[in-house]
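Visitor: I would like to learn how to read a few features of a protein model. Could you take me through some residues?

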Amino acid sequence: MDVLALYREAGAYHEGHFLLASGRHSPKFLQSTTVLQHPHLTEKIGQALAQKVGEAGLSPRLVVGPAMGGVVLAYEVARHLPESRAIFTEKDGQGGMKVREAFRIEPGEPFIAVEDVLTTGGSVLKAVGAVEALGGRCVAVACIVDRRAGEGPLAGYPLVSLTRLTFDTYAPGEVPEWLAQVPLQEI
């Protein structure tokens with residue numbers, strides 16, 4: 001699957017000058033919500049990610065996504081994994097994530113956590129922690145796009161991704177002149 005072509009097809013690949021949620025600046029941005037609003041594209045992504053999970057020898061019984069962006073993705077990936085169900089985590093108001101009381105986690109239940117674009121892994125790891133706190137066992141983190149700057153470990157969890165794309169990002173005081181001349185868009 002050519003993920004970048006899929007994002008382009010959906011109008012979800014942008015070039016310009018973007019202020020990312022991390023506070024860093026980038027000349028490129030992927031807007032996954034634009035892609036995931038289209039069921040036919042979301043189905044392709046979910047099926048491809050589920051296939052990669054299976055190829056990695058993983059058999060999760062649960063797929064979890066951090067709200068809000070991971071809700072649709074978790075559902076679609078779980079739909080393509082035999083005997084899996086999908087849940088989501090939500091902000092707990094204290095900087096972490098929590099699992100709703102209505103969702104049951106069995107002791108030792110194997111799960112994967114999904115994210116659309118993995119930049120630092122912060123929110124998906126909070127989701128992992130919330131499910132592990134209830135007894136789940138994370139067997140992998142899965143994402144559409146891995147755009148981390150390095151190959152470093154993701155808290156010891158295996159990573160499954162459809163593609164790896166690295167876009168330059170810059171700290172606020174290190175934005176190059178050519179990018180500083182482009183009007184800034186906050187996202």
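Guide: Start with S123, which counts as partly exposed because its relative accessibility is 35%. Buried means under 20% relative accessible area, exposed over 50%, and partly exposed in between (1.4 Å probe, protein chains only). This is a predicted model, where local features need pLDDT of at least 70, side-chain atom pairs count only at pLDDT 80 or more, and totals for chains, interfaces and linings use all residues. Residues are numbered from 1 along each chain as its sequence is written, and side-chain values use heavy atoms, with hydrogens and water left out.

Visitor: In which helix is S123 found?

Guide: Helices (H or I, at least four residues) and strands (E, at least two) are DSSP runs, numbered from the N terminus. S123 is found in helix α5. G122 lies in that helix, which covers residues 122–132, and G122 counts as partly exposed, at 31% relative accessibility.

Visitor: Which residues does S123 touch, not counting those up to four places away in sequence?

Guide: Contact means heavy atoms within 4.5 Å. With that exclusion, S123 touches P66, M97 and E115. A polar contact is a pair of N or O atoms within 3.5 Å; within protein, one must be able to donate a hydrogen and the other to accept it, and residues adjacent in sequence count only if both atoms are side-chain atoms. The side chains of S123 and E115 make a polar contact at 3.0 Å.

Visitor: What does the UniProt annotation "binding site" cover?

Guide: UniProt positions are given in the numbering used here, feature names are shortened, and annotations may be inferred rather than shown by experiment. In the unreviewed UniProt entry, the annotation "binding site" covers K91, E115, D116, V117, L118, T119, T120, G121, G122 and S123.

Visitor: Is S84 buried or exposed?

Guide: S84 counts as buried because its relative accessibility is 16%. Its place is in the loop between α4 (69–79) and β4 (85–91). The side chain of S84 reaches the backbone oxygen of P60 at 2.6 Å. Not counting residues up to four places away in sequence, S84 touches P60, R61, L62 and A78.

Visitor: Where is V141 found?

Guide: V141 is found in strand β7, residues 137–146. At 0% relative accessibility, V141 counts as buried. Beyond four places in sequence, V141 has contacts including A113, V124, V128 and L154. V141 and L125 are 16 residues apart in sequence, and their C-alpha atoms are 8.5 Å apart in space.
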